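I opened the notebook to look up the pockets and then the sheet. The entries follow in the order I made them.

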Amino acid sequence: MSSDSNNGGKDLIDWEWLSARELYASELAYRRQRAGLTLMELGAKCLYEQSYLHRLERGQRLGTVEAAAALDKVYGTGELLVKLWHLAKREAKDRPFLGLAPLEAGAVSVQEYAVSAVPYLLQTRAYAEEQLRTARPHSIKQLSAQVAARLKRQDRLTGPNPVHYRALIDEAVLRRRARDPKTWTAQLAHLIEVAQQPDVSLHVVPFGTGPHHIRSCLELIFFQDGRTVAYTQSSWSGHLVEEPEDVEPLRLAYDLLRDTALTPTESLNFLRTALEEHAPQRQPTQPA
């Protein structure tokens with residue numbers, strides 16, 4: 001720990017371990033203290049709610065760059081806070097992503113949209129293995145580990161305290177069958193079974209709904225404390241979205257898409273029809 005005798009009353013800070021986000025929050029609190037303003041007085045000057053400013057100073061939210069600019073104007077700090085905001089924003093993007101499983105483990109609700117493949121939480125072992133093989137894993141051992149990790153995530157749907165799960169499945173997913181007909185038969189049957197679980201809501205998004213705003217896979221993860229994070233995934237990369245200002249447009253887009261999807265009952269009938277159309281026809285018995 002070190003301190004600067006000319007810090008104007010700043011608390012002692014371990015600068016060696018301070019993140020950019022913590023630095024931004026610390027600077028916000030310091031500038032308000034130096035200006036001799038209460039949160040209420042600051043809110044009146046910059047036209048932001050007191051509770052919002054409080055969360056910024058505690059590092060609970062990063063907020064918007066517009067808020068940083070407004071505070072720069074109040075404190076007369078040029079573009080200092082805007083620059084710190086951009087630094088914290090870049091740091092969040094560069095932070096290593098540890099996977100969705102730890103987030104789903106603490107969630108109370110998960111909502112996702114699948115655009116090209118059956119959602120991981122709804123895949124059978126055979127379907128998961130076939131899909132993962134397309135990525136050309138280095139070894140059978142690696143493939144087995146990936147399949148096991150994917151299936152382990154499904155414990156959140158079947159455990160003693162199951163998460164409420166809602167899936168929007170694009171019709172394209174159901175038209176792009178597995179290569180093995182038996183694998184696809186089992187996958188459709190599994191979707192029909194899971195769709196009837198009390199904590200699962202499954203909606204098919206038919207082609208007839210027309211174009212919409214979501215172009216890639218999207219997962220929304222809701223927590224008990226009211227926090228929501230989003231994860232977007234394309235063919236080659238994924239991105240975790242944590243700031244409320246960035247999550248909210250994704251939530252809105254998801255809700256709008258859900259409104260155009262089939263109801264759970266209609267979706268169940270759609271899946272049953274798809275299974276009937278796909279089920280291999282029995283071959284007539286050849287005479288002895």
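Entry 1, second largest pocket. I found 18 residues lining the second largest pocket, and those nearest its centre are Arg21, Gly59, Gln60, Glu242 and Glu243. The elements giving two or more residues to this lining are α1 (20-35), α5 (80-94) and β5. I noted that α5 supplies the largest share, three residues. Sorted by class, the lining of the second largest pocket holds nine charged, five nonpolar and four polar residues. I put down its volume as about 390 Å³. I also noted that the model is predicted.

I looked up the volume of the largest pocket, which comes to about 1300 Å³. Its lining has 40 residues, and the closest to the centre are Ala117, Tyr120, Gln131, Arg150 and Gln233. Two or more lining residues come from each of β1, α7 (125-133), α8 (140-152), β4 and β5 (228-233). Of the elements, α7 gives the most to the lining of the largest pocket, with four residues. I recorded the classes in this lining as 21 nonpolar, 10 charged and nine polar.

I checked β1 (residues 107-114) against β4 (residues 217-223) and found an antiparallel pairing over six bridges. Glutamine 111 has leucine 220 in β4 as its bridge partner. I also checked β2 (residues 164-170), which runs parallel to β3 and is joined to it by six bridges. Here arginine 166 stands opposite serine 201 of β3.

Is β3 largely enclosed by the rest of the structure or exposed, and why? I found six of its six residues buried, so β3 is largely enclosed by the rest of the structure. In a regular strand, side chains alternate between the two faces of the sheet.

Definitions and conventions
Residues are numbered from 1 along each chain as its sequence is written. This is a predicted model: local features need pLDDT of at least 70, side-chain atom pairs count only at pLDDT 80 or more; totals for chains, interfaces and linings use all residues. Side-chain values use heavy atoms; hydrogens and water are left out. Two strands pair if DSSP finds at least two bridges between them. Buried means under 20% relative accessible area, exposed over 50%, partly exposed in between (1.4 Å probe, protein chains only). On a 1 Å grid over the protein atoms alone, a cavity is a set of points where a 1.4 Å probe fits but cannot get out, and a pocket is an open set with protein on both sides within 12 Å along at least five of seven lines; lining residues have an atom within 4 Å of a point. Grid points are joined across faces, edges and corners, and a volume is the space filled by probe spheres set on the points. Ala, Val, Leu, Ile, Met, Phe, Trp, Tyr, Cys and Pro count as nonpolar, Asp, Glu, Lys and Arg as charged, and the others, Gly among them, as polar.
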